[in-house]
Structure formats: structure tokens, C-alpha cells
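My notes follow in the order I made them.

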Amino acid sequence: MQVLSVTPEIFPLIKTGGLADVTGALPIALAGKGVAMRSLVPGYPAVMAGFKKAKAVLQYPELHGGKTSVYAAKVGELDLLVIDAPHLFDRPGGPYGDATGADWPDNWRRFAALGRIGGDIAAGAVRGYQPDIVHAHDWQAAMTLAYMRYGKAAGVPSLITVHNLAFQGRFGADIFGGLGLPAEAMAVDGVEYYGGVGFLKAGLQAAWAITTVSPTYAQEIRTPEFGMGLDGLINMRAADLYGIANGIDVDIWDPATDKQLAAAYSARTLKARKANKAAVEGRFSLESDAGPIICVVSRLTWQKGIDTLATAVDGIVAAGARLAILGSGDAGLEGALLAAAARHRGRVGVVVGYDEKLSHLMQGGCDAIVIPSRFEPCGLTQLYGLRYGCVPLVARTGGLADTIIDANDAALAAGVATGFQFEPDNAGSLLYAIDRMIEAYGNSSVWTTIQRQGMKADVSWDRSAARYVDLYRMLVSKKAD
Ligand code: ADP
């Protein structure tokens with residue numbers, strides 16, 4: 001089966017978030033399952049620097065203001081189709097904006113071009129290549145599905161994955177003329193969105209199927225609370241909506257081989273975590289005692305519920321736990337956490353910044369990781385926690401609810417618990433989970449059972465890739481009907 005992935009980011013070439021991890025890992029995981037995935041990506045400087053140009057497989061004398069070529073390239077195990085359009089993509093800064101973070105004013109052109117080319121390739125524009133399915137990611141690639149629907153590829157099965165519904169690609173009605181779509185597309189069941197043009201909306205409308213990155217988030221986005229204005233449309237498409245949780249790279253995140261740890265360990269040698277815990281105490285200036293250390297590795301934002309955590313800090317310290325916090329983001333939240341560290345010297349340590357290496361040590365040395373998000377499409381840090389025996393305490397929302405089994409009495413008795421859940425946006429409920437965690441921690445056989453159960457969970461890409469394959473097969477069989 002040939003699948004064309006259309007994506008604005010792909011790890012390791014260009015990444016701003018979890019989307020890149022998915023689009024970079026999926027082709028590799030699918031290769032062993034009879035699916036050949038080619039990825040169409042914009043030729044940002046970092047992408048163009050990653051391969052040597054050969055003969056173009058597709059050319060446009062003029063597309064949104066300049067000559068545009070598409071090159072086939074192999075980068076590592078990835079099979080790419082790169083859009084070389086310097087007038088659109090050869091710029092310093094990030095993929096969506098300049099160095100100050102301000103969006104490029106012509107983003108509609110840049111990602112309409114990605115969609116237009118995706119639609120053309122779906123219709124067979126690259127000689128010798130006809131994808132069986134087109135899989136687009138987020139608003140930046142969503143227009144591919146509109147170009148397919150209103151062009152020559154309406155009969156090719158398509159799928160859109162929503163990684164975060166908060167980003168929608170909304171533009172004024174005045175851009176419609178520049179899209180090159182037929183007039184009928186500017187309609188409620190087309191690309192029109194609240195009087196303007198909505199790229200993600202257009203893709204959600206046109207896709208044969210829609211996925212999000214966890215089953216619970218797939219249900220949540222059907223409600224006004226999580227739907228960000230698109231819940232009506234998503235409900236209309238509910239029969240074609242699926243949730244498939246992300247995996248993680250289990251080679252990079254492996255406590256048995258992790259070079260960032262003071263001591264490597266496995267589920268059988270959990271006692272070796274002690275050396276990592278001592279290293280964490282040193283890095284965060286925490287006192288040593290027999291109680292647990294709870295960590296936070298997060299963007300410090302409202303979405304992540306860090307204000308809820310700040311409210312709960314005094315209670316967490318009073319309950320006898322220590323806190324090691326790594327993160328950056330909202331200045332007010334950084335200030336609140338630094339103030340808590342000043343109030344509780346030796347009990348609360350805060351490192352402001354982004355530190356990949358330290359995040360590994362924390363997963364390998366802390367006893368638990370707390371993730372109080374208000375909404376969480378999938379979440380990765382709880383998956384790292386499972387793999388490292390750093391027991392997750394999570395808000396019951398989105399991917400967090402799907403991947404962690406709460407240590408209630410029944411789950412403990414059955415030996416299946418992997419962590420603790422609490423109500424999002426509720427410091428009291430968070431503190432109650434901390435109390436339950438501290439009690440379990442006090443019984444070493446209960447605690448190691450929870451740790452080992454988590455370490456057994458399959459958090460690899462292999463499992464998620466199998467779900468995508470099932471969905472691709474279903475869509476291809478729909479075409480045959
Ligand atoms: P989101 O993409 O919404 O921020 P995820 O949990 O899906 O949340 O992914 C966050 C990723 O970023 C994880 O790999 C996490 O370890 C990493 N991360 C977040 N903050 C930091 C930090 N301050 N230092 C190091 N890694 C961080």
C-alpha cells in the first residue's frame with residue numbers, strides 16, 4: 001500500500017512539537033507492515049540542507065509568486081518529496097513565523113501551496129506514483145484534502161490527523177480568490193468558516209476519515225468545552241472519527257541504556273534508581289530523606305494546569321513529598337513556582353529552562369511525575385514515566401486518561417494499576433492523588449508492582465502503527481465499495 005503523508009514538519013529535519021515526532025516515526029514503523037509512506041514537506045532551509053537535489057519529479061513555472069519544483073529524496077529511512085519554492089519557504093526563523101515568533105503574513109499562500117501540490121500528487125502528477133491514500137496533518141496540510149475533493153482526486157481515500165485543535169489556520173474571505181478553487185468551494189460545507197476561510201475546517205469537511213492522537217481527546221473535541229468552535233462539524237463527522245494514541249521512541253527512552261542517567265536499570269533492578277535519585281537531589285538542591293520526589297517536566301502554561309500545581313505546592317510539601325520542577329513558559333507561573341521554592345528550601349527545587357538531558361535524569365531518578373493538564377491531545381511525558389518506573393500522576397483528560405490506569409482498590413488488587421488520576425483543574429483532587437501515591441509508596445511491594453506494571457506497558461510506535469494500518473485498509477475497502 002502506498003500512502004502519501006502531507007506534513008508541515010518531520011523529525012529529524014524540522015520540529016516544533018509532537019507532530020514532527022509522529023510524522024517522522026510513523027513511516028519507519030509502517031515499513032515493516034507492508035505500507036510504503038512518502039512524505040511531502042516544505043523545503044525550509046533545514047530541509048533543503050538535508051539532501052542533494054537530483055532531477056525534479058514535478059515542476060510549476062509559477063505557483064504563488066515563483067517557480068516551484070518538487071524533489072524526491074531519501075533522508076535516513078525517510079522517503080521524502082520536498083517542495084523547493086524559495087519565495088515561500090527559504091526564510092530564517094521558524095516554519096511558521098520569524099525569529100520573534102510573529103506569523104508570516106503569507107502563511108495562507110505557503111500552506112495553500114503545500115495543499116495544492118499534495119492534491120496534484122494525489123491525482124497522479126508525479127510520473128509512476130499513485131498513492132492509495134493521502135494522510136494530512138493539522139491545518140497546514142489540511143487544504144490538500146480540499147484540493148483533492150474539488151479537483152481530480154475526489155476518489156482517492158483521505159485521512160486528516162488533528163494534533164491540537166487549538167491551531168486552525170483561519171484567514172479572511174479575501175484570500176479565497178487566490179486559492180484557485182471553484183466558486184462552489186466557498187460554502188458552509190466547503191472551506192468557508194465564520195465568514196472567512198478555515199484551512200483545518202476545510203480538511204475536516206473533506207477528509208474520508210479524521211483521527212486525533214488519543215481516543216479520549218477524540219470524544220472530548222465533540223463538546224463545546226474542547227471543540228474550539230469546531231465541535232458542531234466534528235459531531236457531524238462522528239462516524240468517521242477515530243483516536244489513535246502516539247507512541248514514543250523506545251530506543252532513545254530506554255532506562256537500560258540511557259547515557260543521561262547516573263545508573264542504568266531495568267524492571268528487575270529498580271534499586272539502582274537510587275543513584276539517579278541522589279543526582280536529582282543534587283541538581284535541585286533537595287534534602288535527602290526516605291520520602292518520594294515528585295517531578296514536573298513541562299511547558300509552564302495554563303493548558304498544562306501549572307497554576308493548579310502552584311496552588312497545591314504547600315499541600316504537597318506538608319504531605320511529606322519533595323518536588324523537582326523543570327520547565328519554562330508563562331512568566332507569572334515561573335514566578336509562582338520560584339516563590340514556592342524560596343518558601344520551601346530543600347523541599348521544592350525549580351530549574352527554569354528547556355533541558356532534554358536533565359529531563360531523562362528526572363524520569364530515571366524521581367519516584368513520580370505529575371501532569372495536571374486541563375486538556376491533553378496525547379501527552380508524551382506520562383509515557384516516558386511509564387517506561388522509566390517514574391509513576392505518573394495525571395489529570396483525567398485526553399491521552400492522559402487513556403494511557404494511565406488509576407491505582408484504585410480494584411486495580412491494585414488485580415495488579416494492573418500504572419499510576420494515579422485526578423480531576424483536571426482541581427487542586428484538592430490533585431492533593432488527594434498525592435496522598436494515595438504517598439501511601440502506596442510506603443508499601444514497597446505495592447509500589448514496585450505499580451512501577452513494573454507501567455514498565456511493561458507497550459508505549460512503542462509499533463502498536464500505534466498497527467492501528468493506522470487497520471484504518472488505511474478500511475478506507476481502501478471503502479473505495480472499492
Ligand atoms: P506538548 O507537546 O503539549 O508540550 P507533550 O507531553 O506531548 O506536550 O510533549 C512535551 C515534550 O517536551 C516531552 O518530550 C517533554 O519531555 C519535553 N519537555 C517539555 N518541557 C521541557 C523542558 N523544560 N525541558 C526538557 N524537555 C521538556
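**Whole chain.** I began with the radius of gyration, which is taken over C-alpha atoms. A compact globule of 481 residues would have a value near 23 Å, and the protein chain has 24 Å, so the two agree. The rule for the globule is 2.2 Å times the number of residues to the power 0.38.

I noted that this is a predicted model, where local features need pLDDT of at least 70, side-chain atom pairs count only at pLDDT 80 or more, and totals for chains, interfaces and linings use all residues. Residues are numbered from 1 along each chain as its sequence is written, and side-chain values use heavy atoms, with hydrogens and water left out.

I looked up the extent next: the C-alpha trace spans about 70 × 45 × 45 Å along its principal axes. Of the 481 residues, 58% count as buried (under 20% relative accessible area, with a 1.4 Å probe and protein chains only). I also checked contacts (heavy atoms within 4.5 Å). Among those with a separation of 6 or more, 71% are between residues 24 or more positions apart.

I found 20 helices and 18 strands in the chain. These are DSSP runs numbered from the N terminus: helices are H or I with at least four residues, strands are E with at least two.

I traced an open sheet of nine strands in the order 3-4-5-2-1-6-7-11-12, with mixed pairing. Two strands pair if DSSP finds at least two bridges between them. Strand 3 (56-60) and strand 12 (241-243) are the edges, each pairing on one side only. From one strand to the next the twist averages 25 degrees. Axes here are lines fitted to C-alpha atoms, for helices over the stretch in contact, and angles run from 0 to 180 degrees between N-to-C directions.

I then picked strand 1 (residues 2-6), which runs parallel to strand 2 (residues 36-42) and is joined to it by five bridges. Leu4 has Arg38 as its bridge partner in strand 2.

Helix 5 (residues 138-150) lies across strand 1, strand 6 (133-137) and strand 7 (158-162), at about 145 degrees to strand 6.

**Helix 12.** I compared its length with the rule of 1.5 Å times one less than the number of residues. The 13 residues of helix 12 (306-318) should span 18 Å, and the end C-alpha atoms are 19 Å apart, which agrees. Its buried residues include Ile306, Leu309, Val313 and Ile316. Just after helix 12, I saw that Gly320 takes a positive phi of about 105 degrees.

Terms used
Buried < 20%, exposed > 50% of the residue type's maximum accessible area, 1.4 Å probe, protein only.
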